[in-house]
Amino acid sequence: MKTIGIVGGGVVGLCCAVALLDREYSVSVFERDGDYNAASWGNAGHIAVEQVEPLASPAAVRSVPKRLFSVGGALGLPVSMAAHWLPFTARLVAASTPAKFAAGTAALTPLLAGAMPAWRDLVGTLGARDLLREDGHIVVWDTPESARAGRTHWSRAAIGTARIADADPDVLHRLGFLADPVGGAIRFTGSGQIADLRVLATTLEAAVEARGGRIVRQAARLADDSGRIVILGHDVDQLLVTAGVRSRALLEPLGYRVPMIAERGYHIRARADGWPADLPPVVFEDRSMIVTRYAECVQAASFVELGDPDGPPDQRKWDRLEHHVRSLGLPIDGPFTRWMGARPTLPDYLPAIGRSTRHANLAYAFGHQHLGLTLAPVTATLVAAMLAGETPAVPLAPFDLDRFGKKGPDA
């Protein structure tokens with residue numbers, strides 16, 4: 001039986017572990033942290049099948065000045081972390097040409113088309129169908145003017161398998177708690193959410209162990225041993241790196257260029273006593289904030305802060321989230337718990353999924369930016385097919401890490 005070591009026990013790594021165990025591989029998942037504090041378990045919980053257009057785009061580059069945190073937007077470029085984001089943003093601009101944006105959209109479209117079917121299959125396999133809610137999501141604007149602009153944007157955007165309609169009166173009634181009437185709202189269908197991220201984490205880990213896999217609570221140290229990558233102190237035939245933002249530190253010493261940045265997001269959570277239990281995720285687009293109801297709490301999340309995954313959080317971002325909650329009149333009462341986590345983002349906003357041509361036993365699946373939760377099960381299906389020598393259902397060439405070349409001095 002072939003043994004596979006998976007380095008990284010976030011949602012992508014655990015989904016890969018389940019898929020490979022179901023193909024009767026022997027699997028060990030190396031995940032040092034057991035506190036469920038990584039980006040996988042602190043995100044918005046949104047199955048974002050509509051986000052087929054990569055954020056590396058001409059429009060996104062043009063919008064940077066008005067999106068900066070300093071002028072009220074969600075984009076943080078901390079001066080103290082300029083050494084991290086300056087080289088990344090240069091690559092982002094280079095990846096944002098119309099031709100590359102079109103190619104990125106073409107690459108993400110079939111990947112996201114498989115996301116919801118893969119989630120249905122996974123929760124069925126886990127015996128946990130209640131974890132997946134397919135109620136879509138709502139987008140709200142503060143003013144009629146921003147609503148007109150927002151509707152125009154979404155009507156022209158590629159949204160994959162999702163569909164859009166004006167929010168029906170029932171939805172607007174359920175938003176009646178807002179301090180001011182909404183300027184406009186639309187309802188997406190085809191998208192969804194995970195009902196409880198902590199339960200998802202523990203359910204996936206339990207599924208790994210029930211299938212005979214192991215969760216190893218320690219950091220994995222990798223080395224090149226005569227053309228094979230090994231985990232020091234452990235004997236595995238195949239290695240799969242799914243360590244999110246930590247994948248860069250693992251792979252660059254082995255000669256790979258991984259121009260990835262920590263795209264730090266923030267959330268606040270409080271008890272869900274006043275939030276309607278049947279309300280799907282609500283995006284307050286003028287404030288770049290998404291509010292999601294989980295089982296026992298409500299979470300407000302925002303911000304795209306480029307920098308160091310280990311740098312101190314910016315307290316002002318939590319303060320702004322709390323300000324948005326108060327000014328909108330949301331029925332969310334403190335005390336709030338506060339979280340910051342790092343999404344793994346590559347400059348073209350495409351994930352890295354594939355296998356090495358230099359080390360035959362090395363494969364990888366990381367860099368899913370905002371789409372890690374969305375794409376975890378479909379990524380696992382593709383990785384399992386790839387490692388079995390089959391042709392994956394979605395072409396993986398656009399996601400090959402070698403698109404960035406070999407490691408150089410500016411990697």
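## Strands and how they pair

Two strands pair if DSSP finds at least two bridges between them. Helices (H or I, at least four residues) and strands (E, at least two) are themselves DSSP runs, numbered from the N terminus. What you are looking at is a predicted model, in which local features need pLDDT of at least 70, side-chain atom pairs count only at pLDDT 80 or more, and totals for chains, interfaces and linings use all residues. Residues are numbered from 1 along each chain as its sequence is written, and side-chain values use heavy atoms, with hydrogens and water left out.

## Strand 16 and its neighbours

Let's start with strand 16 (residues 289-293). On one side, strand 15 (residues 282-284) pairs with strand 16 in the antiparallel sense over 3 bridges, and valine 282 sits opposite valine 291. The hairpin of these two strands has 4 residues between them, and here serine 288 takes a positive phi near 50 degrees.

Strand 16 is also joined to strand 17 (residues 297-307), antiparallel again, by 5 bridges. These two strands make a hairpin with 3 residues between them, and valine 291 faces alanine 300 of strand 17. Since 5 of the 5 residues of strand 16 are buried (under 20% relative accessible area; exposed is over 50%, partly exposed in between, with a 1.4 Å probe and protein chains only), the strand is largely enclosed by the rest of the structure. Both of its faces are covered, with Met289, Val291 and Arg293 on one side and Ile290 and Thr292 on the other.

## Aromatic pairs

The structure holds 6 aromatic pairs. Rings of Phe, Tyr and Trp (its six-membered ring) pair if their centres lie within 6.5 Å; planes under 30 degrees apart count as stacked, over 60 as edge-to-face and the rest as tilted. Phenylalanine 69 and phenylalanine 303 have ring centres 5.8 Å apart and planes at 70 degrees, so this pair is edge-to-face. The two lie 234 residues apart: phenylalanine 69 in the loop between helix 4 (64-67) and strand 4 (75-76), phenylalanine 303 in strand 17.

Another pair is tilted: the rings of phenylalanine 177 and tryptophan 275 have centres 5.1 Å apart and planes at 50 degrees. Phenylalanine 177 is partly exposed, with a relative accessible area of 22%, whereas tryptophan 275 is buried, at 2%.
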